[in-house]
Amino acid sequence: MSSPTLLEFDRARKKFKITLEKSLSNNDVENLLGYVEGYKDEIGLEKRTVLDQVFRDILCQLITNISESSKLKTVITFAILAVKQDMCSPSTPFLMMADIFDMLTIKRCEEIFDLVEDNVTTWKSEPFYESGKNYLLRMCNDLIRRLSKSQNTVFCGRIQLFLSRLFPLSEKSALNLASQFNMENVTIYTKQKKSNSGETNEVMEVDDTGDQSSAVPIDYHLYKKFWALQDFFRRPTQCYDKSQWETFSLNASDVMSIFSSYKLDDLSSTQKKVITSQQSHQHAQNFFAKYLTSEKLLNLQLNDSNFRRYVLVQFLIIFQYLKATVKFKAQTHTLTEEQSEWIKDAQEKVTKLLSETPPHGEQFCNSVKHILDREEHWNNWKNDSCPNFIKEKPKDQLKPKAKPKRKRIGDDLMATNGKSLKLGNPELTRLWNLNPDNMEAAKAESRVFLPKLDDFFANAIEQADPEAMVEEQYKDINQQNFQWKAYRLLARSSPHFFVHTNTPGLPINVHLKDIVDKMAKEINPHHQTVEPKTEIAEQKTEMAVGDEDDIKEDHEEDEMRNENDDSNVQQQMSSSQIRLIAENVGSKWIALGEKLGLPPDDLTYFKDSFDGATESAINMLTVWQEEDTERDSIGTIKETLIELGLGKLVELLSSSS
Amino acid sequence: MHLKESRQACLYMLHNVVYDTKFSPCGKYLAAANKFGDIALFSLTAALSPDASDESKCPIFSFHVYDQGGIYSLCSTDIFLICAGEGDIQAYKWSDIIAKNPKVAWSLSIPKKGVFSHAEINSCVIHQDSSSMVLYAGAGDHLVHSWDIENGSYLNSFSGHTDYIHSIVTKDDGKNLISASEDGTAVIWDVRLKEAAQVVKPFENEKCARPHIGKWLKCLTVDEDNYWLLLGGGPTLATWHLKTLTPTATYETPGVAQHVALFHEDKILSAGSSNHLNHWSIAGEHKMAVPVNPSSIFSIDINHNSKSNKVLTVAGSSDKIDVCSNFGYTAFSLTFVPPLS
């Protein structure tokens with residue numbers, strides 16, 4: 001069984017290999033993929049397995065050849081493309097890369113690593129991510145383990161950056177969750193010098209062989225204090241111990257006072273430009289992963305502004321840690337008031353020193369402050385047990401709102417073909433949609449506020465009757481309000497107004513009296529027949545007339561309100577109305593839906609989901625109406641129906657409401 | 001005995017003034033002269049060693065030179081340490097001092113003008129070349145005296161100052177001598193002609209004059225190339241161009257007189273009547289003010305005799321002599337007062 005398979009496999013392997021080699025030399029992946037695609041064998045071999053194997057075979061050849069870095073990249077690129085075409089298994093490129101980085105020297109790894117970096121989007125896409133993330137992580141970790149943290153800092157950084165790009169932001173596996181310190185970062189320094197024989201009895205000795213080992217005088221006092229600090233920086237929790245704190249604060253004060261005594265020159269400002277540019281070049285270069293602690297270097301280090309900055313920043317970091325509330329600090333890890341006070345002072349002092357340290361001290365100091373502020377945020381984030389960065393919407397917001405986005409006035413108008421216009425406010429919308437034709441609306445009966453001449457003057461005429469025995473002062477015609485209104489009304493609608501133009505100068509009330517008399521004669525030539533009225537009744541009337549305006553207004557308002565209520569009711573279709581429409585529309589409901597601006601998808605949905613046209617129409621109308629509760633549904637529906645030639649239905653609908 | 005010691009310790013602690021210090025030719029020791037007429041010897045090697053204790057910062061040996069007053073000036077040759085002050089000039093062999101057995105090798109006295117005149121010597125320098133070794137001493141009698149110390153004979157005096165002399169230096173391989181005096185003038189003497197060649201009067205120069213402090217000159221230094229002259233005191237410290245005798249840069253220390261100054265690499269270190277050691281650029285830019293223990297400073301010196309002990313010492317009115325390994329800060333202090341036992 002197995003032997004023919006093996007044979008086939010070997011045959012395919014050879015052929016593939018030759019094609020792959022050819023493709024590699026021509027840099028033509030299509031050739032390879034086309035060949036594999038078209039390759040037929042007798043037993044239906046799993047071509048993916050063959051191609052996987054061939055890729056690795058080729059790699060084996062290339063990897064030993066030092067000059068072929070670019071070829072390695074090409075072969076990986078081929079593999080990626082093959083995976084994309086589903087012609088080899090997704091893990092193949094990863095296995096190949098792992099092999100490469102295992103085999104090559106660090107220098108060459110660094111050259112090839114940009115391939116990994118460039119393809120980060122590929123790795124993140126399917127099917128690569130799921131099958132490859134663990135390979136990549138393992139590969140990177142293996143690589144980092146090989147690198148020296150002090151020699152290959154740039155490469156280390158590249159790998160770290162790559163990993164942070166590869167994994168999602170919420171990936172917490174690389175996080176120092178428990179805020180542990182890097183205890184391995186021990187700074188070793190000369191604690192006790194080898195005892196110098198003869199020093200004790202030096203007075204008698206004038207030998208020249210004395211201490212020639214150190215070429216410069218060394219301040220061992222400072223040296224010890226200075227480097228002893230590093231252990232506190234390594235493990236800040238020591239500071240909470242009382243005796244340790246003493247040491248720390250003493251050493252720190254000494255170092256700070258030395259820094260403040262020994263000011264550094266701003267070289268960049270005094271030196272010539274050429275040197276400055278050289279320095280800035282150096283600036284980019286100078287980086288130490290670890291302090292050099294030889295006692296002979298101390299003096300030079302004190303002269304070095306960068307070195308000073310490192311130390312000062314370390315101070316700021318430890319102060320921040322000591323002050324901050326960190327979830328993983330033990331109960332006993334709290335500062336006394338005195339200590340907090342000291343830290344506060346020291347912090348100020350260090351900040352001052354930092355801003356005094358050239359070059360660009362102020363700027364540097366501000367950046368450090370900014371970074372430390374950030375650090376505080378991270379700390380708080382950890383204290384809050386690392387909440388997710390992606391903010392979930394609150395549950396109630398998850399439902400799409402009735403009005404998800406702000407619509408423009410025109411949108412609605414367009415959607416309903418000018419039948420309905422929404423003005424953003426239900427009341428405005430209602431008013432706008434009262435009547436599609438504004439002129440028509442203005443002519444409506446309800447808008448005629450002008451009283452009829454007869455009605456208006458009825459009272460006055462009555463009062464003018466001497467039989468009514470109304471006293472002069474109570475007569476309407478003597479009321480200013482009445483006079484004014486009467487004149488306005490007369491001017492509009494009575495011929496009597498113009499009669500007396502030839503005799504001007506008549507007081508208004510007299511003039512009005514004349515008119516009223518005339519009108520009385522016109523209206524009722526037999527005014528004698530008017531029944532005499534009791535005084536009380538007349539007074540009542542009078543009062544009523546006096547308040548006429550108010551009453552009128554009130555009445556109007558009432559009317560308006562009634563209209564309001566009416567239209568509020570009418571704006572939305574009731575379920576019975578919907579049913580009515582649905583039943584009468586029949587098979588035309590789809591046309592109605594289209595006219596109403598519902599998308600075809602929805603219409604299809606309604607059609608498929610419900611039995612019969614009526615049910616579908618009912619559901620469609622209900623949904624449409626609920627879609628926008630502020631719309632004047634009835635108005636829109638009516639117009640639409642008219643457009644569809646269903647005028648009868650509109651009448652039916654109106655009568656039903 | 002114990003009482004006497006503790007009294008002396010107290011006296012030293014409160015009133016000690018160190019007027020001058022000198023490093024031994026081997027560079028391992030420091031001799032400090034104080035106003036009580038004592039010379040104290042400190043071991044720099046011990047004080048700079050990694051396991052230095054408090055004791056190693058105390059004098060390993062001290063001896064009395066003058067009874068009637070202080071030692072104002074020290075100078076050193078390869079063999080001798082020469083003390084000058086309120087009394088005769090006395091020379092001790094370094095080897096004897098280091099062996100804790102000082103003996104006066106020779107002594108010189110300035111010619112007396114009268115029975116009661118005991119002119120003090122404020123400054124002395126030795127000029128040594130292949131043929132001769134001459135000691136100059138600027139004294140309180142307004143004169144600079146000179147001796148040939150090969151044979152101890154008195155050579156001559158330089159007269160011209162109208163007040164006592166604060167400091168003297170030699171320049172141009174001993175062809176010239178400069179003296180600075182209380183009268184406000186610095187005189188450049190031609191040694192061979194034995195007369196004043198030029199006179200500098202900083203108190204008359206508008207850049208330097210500070211009449212409210214005085215016109216006296218104490219600070220006097222010449223750079224290695226004999227190009228610049230540093231003059232200070234009452235007037236502001238300034239570098240004077242020796243060819244033209246004009247001040248080129250001033251070192252402003254408002255209200256503070258500068259007593260001592262020296263050229264170090266491309267910088268000038270100066271100190272005076274305040275507890276700060278100033279670092280200047282030659283151009284007059286103030287670089288640093290290093291706080292030190294002495295409230296008034298009379299001596300600053302760099303140990304060029306031993307590379308491993310190349311430190312800066314700052315001494316003055318204090319029982320402490322500050323030692324700076326890096327010149328920017330005080331590493332530790334040598335002290336006259338032994339720690340309380």
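**Helix packing, cores and one lysine**

Tutor: In this predicted model, the axes of helix α3 (residues 47–63) of chain A and helix α5 (residues 92–103) of chain A come within 10 Å and cross at roughly 20°.

Student: How are α3(A) and α5(A) oriented to each other?
Tutor: Their axes cross at roughly 20°. Angles under 35 degrees count as roughly parallel. Therefore α3(A) and α5(A) are roughly parallel.

Student: Is the crossing of α3(A) and α5(A) left-handed or right-handed?
Tutor: Take α3(A) as it passes α5(A). The crossing there is right-handed.

Student: Which residues of α3(A) and α5(A) make the contact, and how many are nonpolar, polar and charged?
Tutor: From α3(A) come A:Asp52, A:Phe55, A:Arg56, A:Leu59 and A:Ile63. From α5(A) come A:Thr92, A:Met96, A:Asp99, A:Ile100 and A:Met103. By class, that contact has six nonpolar, one polar and three charged residues.

Student: At what angle do α15 and α17 of chain A pack, and how are they oriented to each other?
Tutor: Helix α15 spans residues 305–323 and helix α17 residues 361–383, both in chain A. Their axes are 11 Å apart, at an angle of about 30°. With the cut-off for roughly parallel at under 35 degrees, α15(A) and α17(A) are therefore roughly parallel.

Student: Which residues form the contact of α15(A) with α17(A), and what is its make-up by class?
Tutor: The crossing of α15(A) and α17(A) is right-handed. α15(A) supplies A:Arg309, A:Val313, A:Leu316 and A:Gln320. α17(A) supplies A:Phe364, A:Val368, A:Leu372 and A:Glu375. The class count is five nonpolar, one polar and two charged residues.

Student: How many helices and strands are in chain A, and how many in chain B?
Tutor: Chain A has 32 helices and zero strands. Chain B has three helices and 28 strands.

Student: Which element gives the largest share of the largest nonpolar core?
Tutor: That core has 125 residues. B:Ile82, B:Ala137 and B:Leu231 have the most contacts inside it. The largest share, seven residues, comes from α15(A).

Student: Which residues does a second core include?
Tutor: The second core is separate and has 34 residues. It includes A:Ile58, A:Phe78, A:Ala79 and A:Ile159.

Student: What does B:Leu231 touch, leaving aside its neighbours within four places in sequence?
Tutor: Its contacts include B:Ala180, B:Ala186, B:Val200 and B:Pro202. Also among them are B:Leu217, B:Cys219, B:Leu220, B:Ala238 and B:Trp240.

Student: Is B:Lys57 buried or exposed?
Tutor: B:Lys57 is in the loop between α2 (44–48) and β4 (61–64) of chain B. It has 20 other C-beta atoms within 10 Å. The cut-off is 20 or more, so B:Lys57 is buried.

Student: Which residues contact B:Lys57 beyond four places in sequence, and how far is the C-alpha atom of B:Ala47 from that of B:Lys57?
Tutor: The contacts are B:Ala47, B:Ala52, B:Phe332, B:Ser333, B:Leu334 and B:Thr335. B:Ala47 is 10 residues from B:Lys57 along the chain. Their C-alpha atoms are separated by 5.4 Å.

Conventions:
Residues numbered from 1 in each chain as written. Chains lettered and ligands numbered in written order. Predicted model: local features only at pLDDT ≥ 70, side-chain atom pairs only at ≥ 80, totals over all residues. Axes fitted to C-alpha atoms, helices over the stretch in contact; angles between N-to-C directions. Helix = DSSP H or I, 4+ residues; strand = E, 2+ residues; numbered from the N terminus. Parallel < 35°, antiparallel > 145°, perpendicular 65-115°, else oblique. Left-handed = near helix turned anticlockwise from the far one by under 90°. Contact = placed C-beta atoms within 7 Å. Nonpolar A, V, L, I, M, F, W, Y, C, P; charged D, E, K, R; others polar. Core = buried A, V, L, I, M, F, W, Y, C linked by C-beta atoms within 7 Å. Buried ≥ 20, exposed ≤ 12 C-beta atoms within 10 Å, placed from the backbone.
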